[in-house]
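Subject: Structure for your files, with notes

Hello,

The structure is pasted below, and my notes follow it. Please read them with the model open.

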Amino acid sequence: MKKGKKIYNIVAIMMVTMMILAACGGGGKVSTNESDSKTTPSTNNDTSKDEKEDFSYPMDGSVTLTWWLQLNPNVSATSASLGDTPFAAELQKQTGVEVEYIHPAQGSEDEAFNLLLASGELPDIIERPWYNFPGGPDKAIQDEYIIPLNDVIDQYAPNLKAYLEKEPEVEKMIKTDNGDFYAFPFIRSEDKLRVFFGPVVRQDWLDDLGLTTPETIAEWEEVLKAFRDKKGAEAAFSARPAHITLSSIFMGAYGVQSGFYQDNGKVKYGFIESGYKDYLTLLNKWYSEGLIDKNFATMDQKAYEANILNGRAGITLGYLGSGIGAWTSAKADDPSYKLAGLKYPVVNKGETPMTGQKSLTYETGNATAITTSCKNVEAAARLLDYGYGEAGMNLYNFGIEGKSFTFVNGVPTYTDLILKNPDGLSIAHAMSKYIRANYNGPMIQSGYYADGYFQLDSQLEAIQMWQDTNADKHILPTITPTPEESAEMAGIMNDIATYQEEMMLKFIMGVEPLDKFEEYVAEIKKMGIDRALEINQAAFERYDNR
Amino acid sequence: MKIAEKTMSVEQNYKKGFSIRFKEDMRQNWTLYILIIPVLLYYLIFHYFPMVGAVIAFKNYIPKKGIFGSDWIGFKHFISFFQSHYFFRIFKNTVVINVSTLIFGFPAPIILALLINEIKRQRFKKTVQTITYLPHFISLVVVAGLIKDFTADYGIINDFIAFFGGERRALLNSPNLFVPIYVLSDIWQGVGWGSIIYLAALSAIDPELYEAAEIDGAGRWKQTLAITLPSILPTVVILLILRMGSIFNVGYEKIILLYNPLIYETADVISSFVYRRGLLEANYSFSTAVGLFNSVLNFSMLLIANSISRKVNETSLW
Amino acid sequence: MIKESISRKIFRFFNGLFMISMMIICLYPMLYVLFASFSNANLFMEHQGLLLKPLGFNLASYKMVFKDPMIIKGYGNTIFIVVVGTLCNILMTAFCAYFLSRKNVMFKIPIMIFITFTMFFSGGLIPFYLTVRKVGLYNNHWALILPGVINTYNMIIMRTGFQGIPDSMEESAKIDGAGHLTILFRIIIPLAKPVMAVMVLYYAVGHWNGWFNAMIFLQDRRKFPLQLILREILIQNDTSQMTGGVGLVDQEAIGETIKHAVIVVATLPILLIYPFLQKYFVQGIMIGAIKG
């Protein structure tokens with residue numbers, strides 16, 4: 001007994017000491033951390049030197065920078081970090097800057113980012129949707145997370161500067177109302193790169209039934225009915241509600257777009273316009289006639305993909321690559337299975353649809369900023385500017401010459417290392433090892449990339465069809481409400497979005513009769529839509545005057 | 001530690017009595033106090049220290065300015081929460097979902113444990129235990145996918161409905177069915193796992209008690225009432241009190257995976273509302289304020305439940 | 001006696017029937033995952049509804065999973081966290097539960113309130129995060145162990161278990177001159193084996209399934225536990241659905257069958273722990289042994 005007791009006492013005392021030591025050890029570290037962040041000068045750009053002329057890559061000297069970015073799933077499919085890819089090695093070789101990539105856990109980027117800001121210990125470079133920063137990009141500068149880039153671009157980013165001089169519209173897009181540049185943008189250089197989502201039809205069914213490609217709403221209805229009656233499609237048209245909002249399909253036919261848009265200089269909220277009622281009437285009719293998926297409201301990704309693959313649905317909405325491309329290859333052993341893009345429907349033949357999915361030239365979902373913690377702003381800027389020059393564009397878009405691409409008649413063309421990977425990697429996965437054009441980054445996306453990536457005729461034709469809209473005239477550009485306005489907007493729009501989503505489904509599914517539409521509009525007005533429109537209108541006008 | 005000091009000062013009037021008792025306590029229990037020191041340190045460092053941060057509920061928290069540097073704004077976030085268009089709806093839904101899971105979900109594992117306990121064949125018993133606890137380990141994403149598959153108009157539940165002549169419909173489109181689906185799937189996923197603690201409590205019962213009862217001629221049902229239930233009652237009561245202390249919590253993950261705008265009117269709860277709002281604003285102060293509101297309600301429910309329990313059957317958390 | 005046994009038999013029969021149907025219902029999701037993981041990816045993609053056998057049996061998904069370097073590393077990390085973490089949990093929780101289950105200790109009630117209070121009030125994510133960082137645990141596996149070393153809920157269950165042990169047991173030990181530590185380790189814990197088994201199960205499963213702390217505290221992807229990797233894979237195709245919006249990115253989805261194979265790989269080992277702990281649940285074994 002006694003011996004046992006002694007041992008237990010020792011164990012207990014050890015545990016206590018451990019805890020105390022752990023606490024003290026931590027205490028010691030606190031002070032170093034704090035002093036670290038305090039002594040770090042916020043910006044340190046030596047503006048005196050004029051290196052513009054004689055600068056050339058690779059930079060000499062051993063510079064190491066930290067770069068925080070979301071790890072794209074296509075990259076993580078083959079590598080534990082972007083830093084492990086041949087792309088990163090080549091970028092380091094060509095620029096001379098050593099980069100340590102930091103990736104938050106996928107799917108939790110927002111939490112990770114917010115904690116990162118709270119900790120006050122920022123990496124040198126952060127890649128984020130800065131345009132959507134709560135309060136707007138101005139706020140990110142104002143709160144001293146990132147530095148304004150105006151001088152930096154002038155001095156150290158000749159490639160980006162040259163591009164912006166050539167493209168004043170893009171320049172306008174990537175700055176704030178104050179004229180501040182806040183990040184290195186991801187630029188989609190050509191129109192065909194900006195469209196990648198739209199309606200998809202079972203072409204083999206159309207052929208079977210001897211139907212022509214539908215263009216008007218009436219023709220669509222005919223086709224859907226034929227699919228329902230002759231092909232046994234229980235869900236002739238099947239798509240997720242979010243996809244419908246994304247593409248504004250059918251809404252465009254009635255002259256409205258989902259969410260906020262502009263019409264001749266006036267900002268409008270599509271979900272309260274009268275055209276929206278026509279759209280609801282149509283969908284309600286189709287739903288009650290069994291042309292739209294009964295599970296429409298509850299559908300998840302798997303159910304929706306299964307529908308178009310197993311013949312429950314004949315028309316859906318999909319992406320070029322993960323839609324048409326992936327589905328076609330999933331049905332590779334069924335030679336009769338054929339998909340094709342469809343034009344956005346219109347009311348009268350020959351009209352051009354008012355709108356469809358189209359992203360801006362500056363992809364707001366991604367931008368790369370230099371933080372206030374960065375001690376070597378020049379190196380960071382040079383590194384980030386690389387993707388806008390010729391050599392850098394080749395690297396970011398096509399990878400390593402002779403390995404992942406070669407020039408054929410002066411056109412960069414992917415090799416079989418990408419297109420028919422010997423290790424059996426899919427094109428998307430193989431690309432992600434060598435390039436960044438298939439997701440995003442501080443770069444200009446080249447049109448040749450799409451030509452290389454989209455291998456199917458149906459994909460190339462779909463791009464043409466989906467592009468045929470007036471979307472450019474109606475999409476709201478990158479307006480920047482002030483931080484106060486943003487906060488107010490967020491408060492208003494949260495309730496409105498909840499109500500609008502709920503009512504859209506209720507109207508379509510007939511839970512609420514359509515004569516309640518006016519009441520619905522009045523309710524949204526009561527929730528403050530006019531104030532939100534006013535804020536957006538003012539911001540839009542400021543944008544125009546940039 | 002602070003509380004200990006406070007207690008001392010309160011009892012200053014009885015200084016002599018106290019110090020004698022204190023000395024006695026220390027002499028007898030000093031090893032005990034050494035054991036509790038790391039425990040108290042743990043709570044102090046990882047719970048009380050961060051708790052100070054809850055003040056951001058009353059501030060306009062800006063990460064760069066820090067918790068203490070941010071500006072005070074008083075009850076603005078609370079007011080904004082109470083005044084939001086959907087406050088009553090999400091509050092009502094939260095309570096309805098929780099009360100339903102409490103009424104149907106709480107007794108389920110107890111019943112299962114009692115029934116498992118009645119199985120005589122050891123191997124069958126072990127197999128049942130092992131298999132019923134499996135769903136606990138399946139990721140929510142997968143479970144939600146299965147639930148949607150089963151309730152879709154082509155799903156197995158509708159196969160039954162159609163077999164009996166009913167009409168096929170997507171069940172998750174009806175607001176009335178959300179709560180039953182949520183509660184049933186909760187029981188399905190958690191009943192086996194939940195029964196483990198009761199099985200452990202059951203196994204601690206002295207078999208001699210049953211033998212004695214058998215000799216007295218008590219039937220199995222009587223034995224259950226007279227021996228089994230009283231033996232696991234402390235565990236049941238403590239778990240019930242703790243459960244009452246989370247009556248205003250509903251995890252947002254499952255809700256978000258299952259609901260859709262069509263059934264917001266019964267499915268949207270406080271946490272999913274805050275989740276959606278957080279996406280728009282990344283407003284930590286707001287979610288902290290809502291969290292604080294929940295905590296206060298939960299804690300008062302716990303106190304009520306605990307005092308009732310203390311009066312009724314003398315079981316109490318403290 | 002005969003009348004009794006007939007009703008017993010009927011009860012047994014229905015009880016058995018009920019248990020079998022329970023087993024079918026509870027086994028199904030696991031089987032679904034298992035079947036899906038062995039299915040042909042393309043066939044599974046277009047499948048809806050029940051799955052009663054793998055669709056075109058193949059092992060391609062598992063080959064893909066084991067090619068992923070992160071999975072093997074994740075296993076190592078998880079095992080370390082589960083073993084070391086559970087050990088720390090059990091020790092600390094037992095200290096606390098033992099203290100609070102004693103009858104004649106001063107400060108017991110204030111300490112109990114001090115502890116229970118933390119179940120309801122917390123500073124939220126940011127202060128917690130900053131604290132752990134300041135204690136110096138950032139990007140360290142100990143950040144997944146120390147900050148949750150006692151789960152108050154579990155501690156209360158353990159305390160309830162300790163309280164259920166008859167006083168006579170320790171009285172006799174005290175007479176023999178045993179101190180608190182001897183009583184705890186030699187008498188209380190052995191007598192409370194069923195509850196201790198439950199605690200090991202709760203904590204071990206908690207560590208095994210835990211991903212949130214890893215997500216916020218680990219920066220180096222090579223330190224990620226298995227569940228975080230699993231979550232990344234699972235959530236990828238569903239993020240858009242969780243947020244109700246659809247991202248403007250056209251990216252290749254991870255195959256559904258691969259997702260299910262990862263679930264199997266990440267779940268099976270922890271399932272094996274329960275049958276192992278079950279032997280401690282056999283009725284009355286401990287009390288009987290002590291008395292004998």
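The domain bounds used here come from an automatic or database domain assignment. For chain B that assignment gives domain 1 (2–71) and domain 2 (75–313).

This is a predicted model, in which local features need pLDDT of at least 70 and side-chain atom pairs count only at pLDDT 80 or more, while totals for chains, interfaces and linings use all residues. Residues are numbered from 1 along each chain as its sequence is written, and chains are lettered from A and ligands numbered from 1 in the order in which they are written.

Domains of chain B

The centres of domain 1 and domain 2 of chain B, taken over C-alpha atoms, are separated by 34 Å. Domain 1 of chain B puts 6 residues into the contact and domain 2 of chain B also puts in 6 residues; two residues are in contact if their C-beta atoms, placed from the backbone, lie within 7 Å. On the side of domain 1 of chain B that touches domain 2 of chain B, there are 4 nonpolar, 1 polar and 1 charged residues. In these classes Ala, Val, Leu, Ile, Met, Phe, Trp, Tyr, Cys and Pro count as nonpolar, Asp, Glu, Lys and Arg as charged, and the others, Gly among them, as polar.

Chain B against chain C

The contact between these chains takes 77 residues from chain B and 80 residues from chain C. On the chain B side, at least two residues each come from α1 (2–10), α2 (15–51), α7 (122–132), α8 (140–151), α10 (175–203), α12 (220–244) and α16 (284–313). Helices (H or I, at least four residues) and strands (E, at least two) are DSSP runs, numbered from the N terminus. α2(B) gives the most to this side, with 18 residues. By class, the side of chain B that touches chain C has 51 nonpolar, 19 polar and 7 charged residues.

Chain C

Chain C has 16 helices and 0 strands. Of its 292 residues, 47% count as buried (20 or more other C-beta atoms within 10 Å of the residue's own; exposed is 12 or fewer, partly exposed in between, with C-beta atoms placed from the backbone). Of the contacts in chain C between residues at least 6 apart in sequence, 72% join residues at least 24 apart.

Two packed helices are described by the angle between their axes and the distance between the axes. Axes are lines fitted to C-alpha atoms, for helices over the stretch in contact, and angles run from 0 to 180 degrees between N-to-C directions. Angles under 35 degrees count as roughly parallel, over 145 as roughly antiparallel, 65 to 115 as roughly perpendicular and the rest as oblique.

The axes of α3 (residues 60–67) and α14 (residues 256–271) of chain C come within 9 Å and cross at roughly 65 degrees, so α3(C) and α14(C) are roughly perpendicular to each other. In this pair C:S61, C:Y62, C:M64 and C:V65 of α3(C) meet C:T257, C:I258, C:A261, C:V262 and C:V265 of α14(C). The contact of α3(C) with α14(C) has 7 nonpolar, 2 polar and no charged residues.

For α7 (residues 152–163) and α10 (residues 193–209) of chain C, the packing angle is about 170 degrees and the axes are 10 Å apart; α7(C) and α10(C) are therefore roughly antiparallel to each other. C:N154, C:I157, C:M158 and C:G161 of α7(C) make this contact with C:V195, C:M199, C:Y202 and C:Y203 of α10(C).

Chain A

Chain A is divided into domain 1 (63–190 + 362–445) and domain 2 (196–357 + 460–544), with 31 Å between their centres, taken over C-alpha atoms. In the contact, 13 residues of domain 1 of chain A meet 9 residues of domain 2 of chain A.

Helix α15 (residues 320–330) of chain A is mostly covered, with 9 of its 11 residues buried. Among them are A:W327 and A:A330.

Regards
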